[in-house]
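Hi there,

Here is the structure I promised to pass on. Have a look at it first, and my notes on helix packing and charged pairs follow below.

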Amino acid sequence: MAKLNELQVKNLVYWFYVFHGKFPPGTTYDNFEKLTMGNLQVDDPPLPSDPDYEKNKLSLELQWQFDKLGYKIPSPLDEMKKKTGTLLEFYTWCYQKHEERPTK
Amino acid sequence: MRIILLILLVLAPGLLWAEETGTKQNIINYVGKHSTLHVDAKTLEDTLGLDYKFALSNITSPPDDAKNVKYLSDLELKSSGYVAAERAKNHLDSTTTSLQFGGKYFKVYENDSEVGISPDRCRQLLDLNPKDIQAAATTSKEYLEIKECFGQKRTRLISWDSHVNYEATQDFKDHDTALGLGVSLDVDSLIPGFAAVLDYPFSWLRDPRAWSVPESPRVYVGYDYVAGLKDTNRAATTGNQDSNMNRATVQVAWHTLVLDKLTIRLLYQAYWELNPPQEVKAANRDFNKLLEVSYSYPTGPKSAFIVKYTRGELPPDFKKASETGIGWSVAFE
């Protein structure tokens, strides 16, 4: 099984955030790449004792999405914590880092 | 202040070693990569107030089985607080610096016996242009398949931590130390549908096509053994001379969207002293709480105009405060 191509990873990331309702109003498929992680309302406001709770959850859920398709990917948590990182940079990172999961 | 000097004394040899061996740059790079800082600058009466949140962490990658995960995170150093240019006008006057070690339990609720869409078909669906899918009806075959493949499933993340917190006023004159345990989760993982009920009144105030997935409140519940009470104003305000206490903590965070871009945020913190002495109860110091409500309108990718109302008390002194600030919220990497 080949790796996902970059367009497929782009679309996977797009649908992931669409169905989690994290895109701000006015976001479309044509403009979502320019959004930054800071534009997404995640951990907003942060819990004082666990300010990255939601990012941790989204990170695990995205890893699980890749896992369902037969791939593994390192934790994207650090990428999700970069407030000025764009969605383009994020899905490019996902594309570069994902790999086929060994057969169980 | 004494603790800070002690920490610097301990760290100084390490810092000198780092400078000589060239690891200083590595440390700076590490901190830069793994830290986040968020600051709300606001007007407080006629002075400047800063509400800040800082975190330095490095999370280990969870195991390959991403469906049911139990793993430990690394150490995290956090600090948050309410400070002001003129301390006398800072009624909240609270900072908390925390060293935490904890773990995560993650579970996906998926019925393996159901015949779902195959991974091959899900991969094929990723070749379709989302614009075409979204332009079609939400009852179209492809949209329903996309939702089945990539839609939000019911999951549960329970995040636990053990911590040492240093709670102090902004000048560090009053301070205490709390050792404890805590757990974070979101309400919908326990009560499915709660977010939709909570958000329902606000859904009338926005375009349903723009934002239709309600936020579930995030909750933290913890226990602390608090020591060093003689270094706070507790004796002066209650007459109680105890040097330690047991305390339960609850924190709740939530937000929703109204109109087009106006975000309403709510943060609630509560502190209960367990088995408080009579004089503490008489002084109404056994239960303390803080409510923070803010409204923000984005002005850029890293900034927003904010109006913030804060009322309540925070450790270590639990001084009553009620303030409304107007200003800017800025996020730094």
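A term to start with: a residue is called buried when its relative accessible area is under 20%, exposed when over 50%, and partly exposed in between, using a 1.4 Å probe and protein chains only. Please keep in mind that this is a predicted model, in which local features need pLDDT of at least 70 and side-chain atom pairs count only at pLDDT 80 or more, while totals for chains, interfaces and linings use all residues. Residues are numbered from 1 along each chain as its sequence is written, chains are lettered from A and ligands numbered from 1 in the order in which they are written, and side-chain values use heavy atoms, with hydrogens and water left out.

Now the charged pairs. A salt bridge here is a side-chain nitrogen of Lys or Arg within 4 Å of a carboxyl oxygen of Asp or Glu, and there are 25 of them over all chains.

In chain B, R121(B) pairs with E145(B), with 2.7 Å between the closest N and O atoms. R121(B) sits in helix α3 (residues 119-125) and E145(B) in helix α5 (residues 141-150) of chain B, so this bridge ties together parts 24 residues apart in sequence. Helices are DSSP runs of H or I with at least four residues, strands are runs of E with at least two, and both are numbered from the N terminus. E145(B) is buried at 15% relative accessible area, whereas R121(B) is partly exposed at 23%.

Another bridge joins R265(B) and D44(A), at 2.2 Å from N to O. This one crosses between chains, from strand β10 (residues 262-274) of chain B to the loop between α1 and α2 of chain A. Both ends count as buried: R265(B) has 15% relative accessibility and D44(A) has 12%.

Within chain A, E54(A) and K22(A) form a salt bridge, their closest N and O atoms being 2.5 Å apart. E54(A) belongs to helix α2 and K22(A) to the loop between α1 and α2, 32 residues apart. E54(A) is buried at 11%, and K22(A) is buried at 5%.

Finally, the helix contact in chain A. Where do α1(A) and α2(A) touch? V9(A), L12(A) and F16(A) of α1(A) meet a set of α2(A) residues that includes L58(A), E61(A) and F66(A), contact meaning heavy atoms within 4.5 Å.

Enjoy exploring!
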